[in-house]
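I opened a new notebook page for this protein. My entries follow the order in which I looked things up.

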Amino acid sequence: MNQQQSFRNRIGPVLPIVLGVALAIVGEAWAAGFYIAELGTPQSLGTAGVANPTNTESADAAWSNPAGMAFLEEDRLLTGVQVIVPSIKFDSDVATAGGSDGGNAGIVTPVPSLFVMHKYSDRVSLGLSIAGTMGGGVDYGNNFVGRYATTKAQLGAIGLSPSLAFRVNDRLAVGGGVSIIYTKFEQDIAINRTLLPTVNGSDGRLKIEDADDFGTQPFFSLNYKPTDDLLLSVVYRAEMDVELSGDVTVKNVALPIDADSVDVDWDNPQWLEVGLKYRYSDKDTLYFNAGWQDWSEFSSNRLAFDGGARNPVAKLDRNFKDTWHAGVAYAHRTGNGSRFSLGVSYDSSPVDDDDRTFDLPFDEIFKLSGSYAWLGSKHLDFAIGGTLYLVGDAPVDMTTQGVRAKGKYDTNAVLFVGGTMRYLF
């Protein structure tokens, strides 16, 4: 057996684990998918995302429902920030390599946003949004029982989204835009010293840094008002394909991967959502939504190393399936111009219990949310809100790099809290 064949035999068991970690990132943090419906605005954060597809009330329609801008009369600006506070605690039943459960692995993450809408004419409205649609991470520590799947991972993604709306008539409007999204991630993984010789007998370490890329994601919406009090909406976001490229370093391993860079195929799935808004009084409005996301398209992942004489490539099929979500929300306006909202929603899991892994421990999500807005002046108002994700316990029974770890997340929740300022020109 020559040296290259020997290298492949030894590194082979490690590659699928490295690949898995490379696509982990946000999944560790909270989601039934990478997308975050909460944008820190009352229409999203205060309704569990239910009011997004029928948003005809605020400048964040520029992203959530571009056709909805056609029903806004004044130019407006909306800006704010939300903070994502996860509590993610794994409880192990089996850990053949020992180690700790990692404590609270969640990483607190601030996410700013800015939305602007300009009424160009009676029929045409223009919008621009800057928002973080993905973001978060986990830090289990180097001694985590599942360290051969991941120890630390962080993802950030921010999108600049110009959009346009056209009002066909008093009942019908169409809109669309494109999100130019910058995505970046970094993560660490432990390499089992029994698989590859190490320098001092402790675990090896693989680190991927500054893996990033730009991608584009078109989006479209159609709004129809059968009556003045009823709105029906359809919103579609196309698939976004990017190839994240970053630096690779390997420490404490006698036979390292001699590549110095890595490419990760990353596909954000397409997303279809329908919504209904019914205003049954001057002060009270009901919202309903339902949606589908094509997570089976994300199931097959590919990672390739480059920059050295030995450049392995790995592929992994996660057995992901498509997800669906649905919710209901209620909003009430008071006589003094203030407003509050409440919302609940549900997201299904893209993975069955038998296929769940540490790097992507997705599960179903129940969301509870509320917001309160008040007037500051004739043209200025403010809002605060929050959404609580109650994530399933995501049981995992996984053998990676010859080591078995089994357990579930006995605490698996995420709190989104934020505030916004809205100005009418």
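What is the mean pLDDT of the protein, and what share of its residues reach 70 or more? I noted a mean pLDDT of 84, with 86% of the residues at 70 or more; pLDDT is the predictor's confidence in each residue, from 0 to 100. Over residues 1–32 the pLDDT is below 50, and this stretch has 118 contacts in the model beyond near neighbours in sequence (contact: heavy atoms within 4.5 Å).

Two notes on method. The model is predicted, so local features need pLDDT of at least 70 and side-chain atom pairs count only at pLDDT 80 or more, while totals for chains, interfaces and linings use all residues. Residues are numbered from 1 along each chain as its sequence is written, and side-chain values use heavy atoms, with hydrogens and water left out.

Entry: cores. I looked up nonpolar cores, meaning sets of buried Ala, Val, Leu, Ile, Met, Phe, Trp, Tyr and Cys residues joined through side-chain atoms within 4.5 Å. Buried is under 20% relative accessible area, exposed over 50%, and partly exposed in between (1.4 Å probe, protein chains only). The largest core has 21 residues, and F185, I208, L244 and V262 have the most contacts inside it. Two or more of its residues come from each of β4, β5 (172–191), β6, β8 (240–251), β9 (261–268) and β12 (300–306). Strands are DSSP runs (E, at least two residues), numbered from the N terminus. A second, separate core has 16 residues, including F71, L72, A131 and A165.

Entry: salt bridges. I counted a side-chain nitrogen of Lys or Arg within 4 Å of a carboxyl oxygen of Asp or Glu, and the count comes to 17. K367 pairs with D347, with the closest N and O atoms 3.8 Å apart. K367 lies in strand β16 (residues 365–375) and D347 in strand β15 (residues 339–347), so the pair ties together parts 20 residues apart in sequence. Both K367 and D347 are buried.

D381 forms a salt bridge with R422, at 2.6 Å between the closest N and O atoms. D381 is in strand β17 (residues 380–391) and R422 in strand β19 (residues 403–424), 41 residues apart. D381 is buried, because its relative accessible area is 11%.

Is R404 buried or partly exposed? R404 is partly exposed, at 31% relative accessibility. Its salt-bridge partner D397, at 2.9 Å from N to O, is partly exposed at 41%. I also noted one network, in which salt bridges that share partners join E57, K277, R333 and R339.

Definitions and conventions
Helices (H or I, at least four residues) and strands (E, at least two) are DSSP runs, numbered from the N terminus.
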